[in-house]
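Student: I am new to this structure. Please take me through one part of it closely: the nonpolar core and the pieces around it.

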Amino acid sequence: MEENLIVCTGLQKRFGNAAALRKVDLTVGRGKIVGLLGPNGSGKTTLIKLLCGLLQPTAGEIRIDGQAPGPYTKSIVSYLPDRMYFADWMTANDLMDFFEDFYKDFRRQKAEAMCAALGLQMNQRIKTMSKGTKEKLQLILVMSREAQLYLLDEPIAGVDPAARDFILDTILGNYNENGTVVISTHLISDVEKVLDEVIFLKKGEVVRQDTVDHIRETEGKSVDALFREVFRTVPYGEYMPHPREWDCAAHAPEKLEPPARAENQEGGDAQ
Amino acid sequence: MTGKLMKYELRSMLRTFLPLWGAILVVALLNRCTLQIESLRDWLGGVPAILMMVLYVIAIIAIAIVALVFMIQRFYNGMLKDEGYLMFTLPVKTSQLIWGKCLSATILTFVTSLICLVSVMILVVNNDLIHEMQELFSSFNATVMYYSNGLEIPAGFMPQAILLMLVLGVACIIAEILHAYLAMAIGQLAGKHKAGISILAYILISMALSTVTSSFMASNGFGIGNLLENVSWLEDVGMTGGLWLFFGFNILVAVLQIVIFYFPTNALLKNKLNLE
Amino acid sequence: MEWKILDNRPIWAQLQEQLTLRIIAGTYPLGSRLPSVRELAAEAGVNPNTMQRALSSLEGSGLVAANRTAGRFVTEDRERLDAIRMEFARSRMEEYLAGMETLGFTRDEAKQLLMEEA
């Protein structure tokens, strides 16, 4: 067993001319809950897809438990994508059969107990379930594996607060303590309490990797507040209703001129 | 692992196909009744009997189309769309995923063909037909003897011929399925219009392949027309030898196609997968 | 008692403080066994490693003792508890006085006001 669970060196991924990941060097240990944080388009999903073997890197390499992504790493990685991946003719029971067949670390009893706690019928077809129920079922399946690495892509995006609590409690209550959980999200205040470590991704690069408590100790603020600072984009508008202290001095233009829109508007009217 | 993959693949296919197979056989049986029993055939001026026959023809066409659509859809939706997120993160090799799908689709196509054959037999087989078939076979025998200067069809020829035909049939089914898979594996590389580019790729591959094959056939004299014109070589290898030579060659061509289609598909899905 | 995590300080330090408060308040009585790390973490909705760190630091302050097999127990040392309780009380009073000072009350005025209220 390798000491570091994830090691990425010089990792790059391009889609055509667009670079999704520029140069990522990353090491993640075992027994941690790690937040992969960054705004939309910063490369979070790309990194996770590379880790679970759905994408191949353009350059650089990935080692998970010392191995390049392949059948072995897939057997120790439990992946929750940002979408539903079920064939909808299946029932919850069929899915359990499927997971039991392919993943040796799947704990069926645990999964069934969690479904029962939710009041989910095992013989109900996926097709007839609500979106929220499907998402919960998918999370239950993923968290019922005793995996080394859980890769959870945006598990709490677009859910109501009650569902968010269910999701976070399910993750906390069920992950394998010797394994590592990677949660990608841009909703930091919701997950900050459950994280050991955070990785900030900005435009395809890792700009900071640190523990939550170390950030709070040294910065005197929450990770959420730090995130807002790191990823701050200064808005520009004709009227800035509440200029804040920090951008008055450095960023405010001396004289606000109305944007040159007049010509376009005339052109539009003429048509 | 390929076996496990096939288990789920076949399960999802059988859900749709068991009822279809059943329906074909039942409709064939009903047609047999209307053909056989005079009072039924002439009932209401024979309209129901005709409609029943039309229904049978439609059912046969429908099952062929459904089988084709299903083969494509199980791969396209099951591997290259959302379900791909599940399939490609299973602890199996890409090759196992491809063969799991391909062999399941082969079995499905094969059994469907068999069911159609059985339904035809239900429809038409009777003593007269068996008699006619026997006559046809002996006339075939005579024809062969005439052309081949007195060579006789040896014992055990027909079983071998049927076996070789089956092998060739299965090889051709596999080749055609992999042909479609390769086209879709190419199509998924595109960011947009994946389906359109898949179809385009299918057509281009077909054209390239038929150009190569026809020029090869023409230059080597392996066409069926050539074989029949120059039957003298049959004297050298005997009837059974000729049979093996003919089918062996065609099976080889199918296997070659399988190789040509499979390896790029595997490489594309392994290294260039681009799920939406 | 609700678990409450504020933004400005390390989470483990806040957990340690709130665990201490619970012991003082008798939620976890003297000599009783504490719930497991995992249970406590789930209850507070925090990372088990962070809860572990808070508990370890409680062990350091002598309020909690770990028994290798049976888990963690609250101390039976009442004097130790009382001392910590006084510490908390003092710091609360300091907070009160500091707050009153920003409102413009002197220490004596603040004391006077408190007496009248109570």
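Tutor: Start with a term. A nonpolar core is a set of buried Ala, Val, Leu, Ile, Met, Phe, Trp, Tyr and Cys residues joined through C-beta atoms within 7 Å. The model here is predicted. Its largest nonpolar core has 132 residues. Those with the most contacts inside this core are A:Leu51, A:Tyr150, A:Leu151, A:Val181, B:Ile177, B:Tyr181 and C:Met51. Helix H7 of chain B, residues 157-187, gives the largest share of the core, 13 residues.

Take B:Tyr181 next. Leave aside its neighbours within four places in sequence. B:Tyr181 is then in contact with B:Phe75, B:Ile98, B:Cys102, B:Phe261 and B:Thr265.

Now turn to C:Met51, which is among the buried residues of helix H3 of chain C.

How long is H3 of chain C? It has 13 residues, 48-60, so at 1.5 Å a residue it should span 18 Å. Its end C-alpha atoms are 18 Å apart, which agrees. Just after this helix, C:Gly62 takes a positive phi of about 85°.

Finally, look where chain A touches chain B. The contact takes 18 residues from chain A and 17 residues from chain B. On the chain A side, helix H2 (71-76) and helix H3 (92-102) of chain A are the elements that give two or more residues. The residues on that side divide into 12 nonpolar, 3 polar and 3 charged.

Note on methods
Residues are numbered from 1 along each chain as its sequence is written. Chains are lettered from A and ligands numbered from 1 in the order in which they are written. This is a predicted model: local features need pLDDT of at least 70, side-chain atom pairs count only at pLDDT 80 or more; totals for chains, interfaces and linings use all residues. A residue is buried if 20 or more other C-beta atoms lie within 10 Å of its own, exposed if 12 or fewer, and partly exposed in between; C-beta atoms are placed from the backbone. Helices (H or I, at least four residues) and strands (E, at least two) are DSSP runs, numbered from the N terminus. Two residues are in contact if their C-beta atoms, placed from the backbone, lie within 7 Å. Ala, Val, Leu, Ile, Met, Phe, Trp, Tyr, Cys and Pro count as nonpolar, Asp, Glu, Lys and Arg as charged, and the others, Gly among them, as polar. The expected span of a helix is 1.5 Å times one less than its number of residues.
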